[in-house]
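Please open the structure in a viewer and keep the selection panel at hand.

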Amino acid sequence: MITKKQVLKAQKNWGNAIVEIGRLRKNRSACEEAANSAINTLYAFDTVKVLFKPTKASDIPFRLTKEGAISYFIGSNVQYPEDKGFALQPWMKVRFDNAAIILKERRAFAVGNYYFMDATGNEIKVEYTFSYIQNEKGDLQIEVHHSSFPYAN
């Protein structure tokens, strides 16, 4: 059975990876390496179909391949011309505020807000839903990632 502690660790690892990619933005090869490592470690593209709906994507709103996910985080892919590299902001900190977590035998689900702090200390609030699957090593990987800005009326 997956534990809440495992979900919180997966979320912390995801946030740390986003911060690290941005920290490396001036060294393109290191940045690409960090993005590839993050996608390979944090997402389950190698074992299941991953459903990824990033926050700032509208022309091609769904990223169903590893290549599409990497493009969203670091940009510079001609197949995804709207991608500027979300993780290149850079973000100084990412924190999760879970509204609810559901734990199952090999899957877990979390929904809530996550906050991205920029270099000036401003936080941007984004709503998210993540579904995690436990891999053969016991680590959690994302199989569904949906995020969007809060509705504004």
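Begin by selecting helix α1, which gives the lining of the largest pocket its largest share, five residues. Helices here are DSSP runs of H or I with at least four residues, strands are runs of E with at least two, and both are numbered from the N terminus. The model is a predicted one, in which local features need pLDDT of at least 70 and side-chain atom pairs count only at pLDDT 80 or more, while totals for chains, interfaces and linings use all residues. Residues are numbered from 1 along each chain as its sequence is written, and side-chain values use heavy atoms, with hydrogens and water left out.

**The largest pocket**

A pocket is an open set of points on a 1 Å grid over the protein atoms alone, with protein on both sides within 12 Å along at least five of seven lines; a cavity is a set of points where a 1.4 Å probe fits but cannot get out, and lining residues have an atom within 4 Å of a point. The largest pocket has a volume of about 380 Å³, a volume being the space filled by probe spheres set on the points, which are joined across faces, edges and corners. Of its 21 lining residues, Thr 41, Asn 135, Asp 139, Leu 140 and Gln 141 lie nearest the centre. The lining consists of eight nonpolar, eight polar and five charged residues. In this classification, Ala, Val, Leu, Ile, Met, Phe, Trp, Tyr, Cys and Pro are nonpolar, Asp, Glu, Lys and Arg are charged, and the others, Gly among them, are polar.

**Gln 134**

Next, select Gln 134, which is found in strand β4 (residues 123-134). Is Gln 134 buried or exposed? Its relative accessibility is 17%, so Gln 134 counts as buried; buried means under 20% relative accessible area, exposed over 50%, and partly exposed in between, with a 1.4 Å probe and protein chains only. A polar atom of the Gln 134 side chain lies 3.2 Å from the backbone oxygen of Gly 138. Setting aside residues up to four places away in sequence, Gln 134 touches Ile 2, Gln 6, Glu 105, Arg 106, Asp 139 and Leu 140, where contact means heavy atoms within 4.5 Å.

**Two cavities**

The structure holds two cavities of 30 Å³ or more. For the largest, with about 40 Å³ of space, select Trp 14, Ala 17, Ile 18, Ala 38, Ile 39, Leu 42, Tyr 43 and Phe 73, which line it. Helices α1 (4-23) and α2 (28-42) each supply at least two residues of this lining, and the lining has eight nonpolar, no polar and no charged residues.

The second largest cavity has a volume of about 30 Å³. Its lining is formed by Trp 14, Thr 55, Tyr 72, Phe 73, Phe 86, Tyr 114, Phe 116, His 145 and Ser 147. At least two lining residues come from each of α3 (66-74), β3 (107-117) and β5 (140-148). By class, six are nonpolar, three are polar and none is charged.

**Helix α3**

Now select α3. Seven of its nine residues are buried, so α3 is largely enclosed by the rest of the structure. The buried residues are Gly 68, Ala 69, Ile 70, Ser 71, Tyr 72, Phe 73 and Ile 74; what covers them includes α1, α2 and β1. Apart from neighbours within four places in sequence, Ser 71 is in contact with Arg 63, Asn 77, Tyr 80 and Asp 83. After α3 comes Gly 75, whose phi is positive, near 70 degrees.

**Aromatic pairs**

The structure holds 23 aromatic pairs. Select Phe 52 and Tyr 72: their ring centres are 5.9 Å apart and their planes are at 90 degrees, so the pair is edge-to-face. Phe 52 lies in strand β1 (residues 51-53) and Tyr 72 in helix α3, so the pair ties together parts that are 20 residues apart in sequence. Both Phe 52 and Tyr 72 are buried.

Finally, select Trp 91 and Phe 116, a tilted aromatic pair with 5.3 Å centre to centre and 50 degrees between the planes. Rings of Phe, Tyr and Trp (its six-membered ring) pair if their centres lie within 6.5 Å; planes under 30 degrees apart count as stacked, over 60 as edge-to-face and the rest as tilted. Trp 91 lies in the loop between α3 and β2 (93-103) and Phe 116 in strand β3, so this pair ties together parts that are 25 residues apart in sequence. Trp 91 and Phe 116 are both buried.

How values were computed: A polar contact is a pair of N or O atoms within 3.5 Å; within protein, one must be able to donate a hydrogen and the other to accept it, and residues adjacent in sequence count only if both atoms are side-chain atoms.
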